[in-house]
Amino acid sequence: MLRVKAESELVSPAYFYWQIIILVVNRHLEGCRASHRMLLSLAPQLLSGQCFAVETVELFFLGSCSVRSAMEDAQGSGGCLEQNQKYCVERPIYNQEILQGQLHKRERTPQSLRQKLEHSCRCSSKKAKSHLYSFLPILKWLPRYPVKEYLLGDIISGISTGVMQLPQGLAYALLAAVPPVFGLYSSFYPVFLYTFFGTSKHISIGTFAVISMMVGGVAVRQVPDEVISVGYNSTNTTDASDYFGLRDDKRVQVAVTLAFLSGIIQLCLGFLRFGFVAIYLTEPLVRGFTTAAAVHVFTSQLKYLLGVKTSRYSGPLSVVYSLVAVFSKITTTNIAALIVGLTCIVLLLIGKEINLRFKKKLPVPIPMEIIVVIIGTGVSAGMNLTESYGVDVVGKIPQGLSAPAVPEIQLIPAIFIDAVAIAIVGFSMAVSMAKIFALKHGYTIDGNQELIALGICNSVGSFFQSFPITCSMSRSLVQESTGGKTQIAGALSSIMVLLVIVAIGYLFEPLPQTVLAAIVMVNLKGMFKQFGDIAHFWRTSKIELAIWVVAFVASLFLGLDYGLLTAVAFAMITVIYRTQRPQYRILGQIPDTDIYCDVEEYEEVKEYPGIKIFQANASLYFANSESYTSALKKKTGVDPCAILAARRKAQKKHAREVEKANKVKKKAVLKLVNSATNDVEASVKHEIANDGLPVNGKFAFVDAGVQDGSPDELEHFVEPKTNIHSLILDFTPVNFVDSVGAKALKSVMKEYKEVGVCVCIASCSGPVMNELTRLNFFDNTVTRELLFHSIHDAVLACQVKDRSASQTALDH
């Protein structure tokens, strides 16, 4: 930068000309209109030969150089302009007392409860229209549906999803312990209803393995299998058929009532705006739970794959009991059923691999599931597998829709807890998938409306004999990947299921159950891949790994219902654990900035002499207030209790020394009194005793007591001093403070004040300030002057206070 001669007050025109020539040569005046205008204004003085003030010349050259420098920096740095920007703010040091005095709160008239109710109940056409669109989203998007752009994709997607919906509906009905036709009902009514009430454009509502397994566990628990001996004659066979029919009817009632109750629970949560409940089912928990559910599902399908007859178990250790029962009857395996099942598994795996490898080249995925169902049905009917080889088949599928019926309300008390678990898990599955697709395609979903939509699907569907449903991961991926754009695709898939129910359902009666078991097992492939989460969470977060493992183990051995409750409770315990064991840090300043970072992490960060800045990344409440204070003393290296104890010990030691010295003095005085040799010797001894000179190797003091020592001597000898004069508590991460935390904070400030350390609080948010005010935290000793707007404000204030105290001490 050009410099102006500072030794003279005036600058000659010749010097000014010379500097202008230098600027022009170096092209510093290019693009600087302000300098051009100033140069024109100075032209008369230049021509007349007048001298210029130094300030005028400095202003001209500084303006020219700053503009040129900015142009060069912009050209040289390109896209890194942010690094060249300067953050310069000059303002007073603000504590809360000063800041609140300069700010004026907005005047708000508090509303009474009656006014709030009147406002919430007030209705207008705009408000009614908004509520109607929110409750029935189809009214908003259907009138603006772009037929030419979306219809073809929705048709292809709907057909592809419907083709998957059919076999999965039949297969998952076996998981729910109900006849297969009820899986078709559950794949029609809820799916069709979701078209009107759902906000997600891509998820496929219907039967899902985890929910079906949970329903089956409740149904088997409420209506358990009876041990029926083998070897019936015709009459006994008829009686057994009637018994199994009656058992299935009762299990259907349990499943239907579960759908009704879980739907009502979801509706209530939706109307009460409780869509946030899904956040308590964190991703590691859900993935661990669904992995355990996959093991449950796989185990339950082994008997169908092998064609053995075993009872179905539910509750704790049901997986173990099921495996023991299957392997104990492994010798009765139906070879024909096993061959058919394994063949279907191989075909399904090959089809899925082809769809995965050639996903971009295939217009639509190969519908291997429906192909396997058709082949299996044809082979079973052609070879008469039921009579010839004893292979179990789907059996009778009623043609047409059944009449609506009211669920059995008397079952509600026995299944209420299970309904709550099913409602929450079902909503969590649906909303997590919906958020994934919404983020991918750039639209938003309403969690509360999703709850309402699922509640309507389940509760209304229960009157038409459907069991609880949710979003299916595999079908949703197919619906999205095949070009589905809106809920029209889901409606078309439900219409395909309706055609099967009404017209051609009877064609699937010869379908072997082992084929459905194969379909279920292959669809669990994605869930079993979640075992890879163990390695992932081991690298990223041990706590999330613990949540995954607990969710998996508890759900595997305690059952899906108790396992879920255990996992949720453990997840909440981890939250408490994290707040009880937060990370404590001492902060320092990045030189020449107002940025403060961990001193142990960065080499450039420096601490201010005599100032400690303490931060904990958690709120201050009853669970961690004790650990907060202990960590504060440990990290800062200043323990007021230890310092005060050391002071008391030193004072006692000092008192003993003084007392010992006084005894020596008394002995010297006694010698003076008892000595009668001569007056000269007595006067000398008296003088020695009073002057505090050594007598018998000891010093004698004039007066007894601790107060004899001078203040400097007492401070040096008695009182241990700390090299810290200020302590700043960074409250940036603190979200709330309760009464226990406030008392602990006040106690800390009092203890440190006794040892000469001033405690300040920085970056305290407004809500925390209000909580401290309500808890009567502020009084004569703790004022708002100790609370600062930022850490830098607190640091500057502590420095000013320390300099003032040092100056006062020097003056005295």
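The dialogue below takes a few descriptions of this predicted model and sets each value against its definition.

Tutor: This is a predicted model, in which local features need pLDDT of at least 70 and side-chain atom pairs count only at pLDDT 80 or more, while totals for chains, interfaces and linings use all residues. Residues are numbered from 1 along each chain as its sequence is written, and side-chain values use heavy atoms, with hydrogens and water left out.

Student: Why is threonine 199 called buried?

Tutor: Buried means under 20% relative accessible area, exposed over 50%, and partly exposed in between, with a 1.4 Å probe and protein chains only; threonine 199 has 15%, so it is buried. Threonine 199 is found in the loop between α11 (189–197) and β3 (204–206), where helices (H or I, at least four residues) and strands (E, at least two) are DSSP runs numbered from the N terminus.

Student: What makes the pairing of the side chains of threonine 199 and glutamate 450 a polar contact?

Tutor: A polar contact is a pair of N or O atoms within 3.5 Å; within protein, one must be able to donate a hydrogen and the other to accept it, and residues adjacent in sequence count only if both atoms are side-chain atoms. The two side chains make such a contact at 2.5 Å. A polar atom of the threonine 199 side chain also lies 3.5 Å from the backbone nitrogen of aspartate 446.

Student: How do you know that the length of α14 agrees with its number of residues?

Tutor: The expected span of a helix is 1.5 Å times one less than its number of residues; for the 24 residues of α14 (residues 283–306) this should be 34 Å, and the end C-alpha atoms are 34 Å apart, which agrees.

Student: What makes α14 largely enclosed by the rest of the structure?

Tutor: Of its 24 residues, 21 are buried, so α14 is largely enclosed. Just after α14, glycine 307 takes a positive phi of about 75°.

Student: Which helices do the buried residues of α16 pack against?

Tutor: They pack against α14, α17 (368–383), α18 (385–389) and α23 (513–523), contact meaning heavy atoms within 4.5 Å. Among the buried residues of α16 are Val340, Cys344 and Leu348. At the start of α16, a side-chain oxygen of asparagine 334 reaches to within 3.1 Å of the backbone nitrogen of alanine 336.
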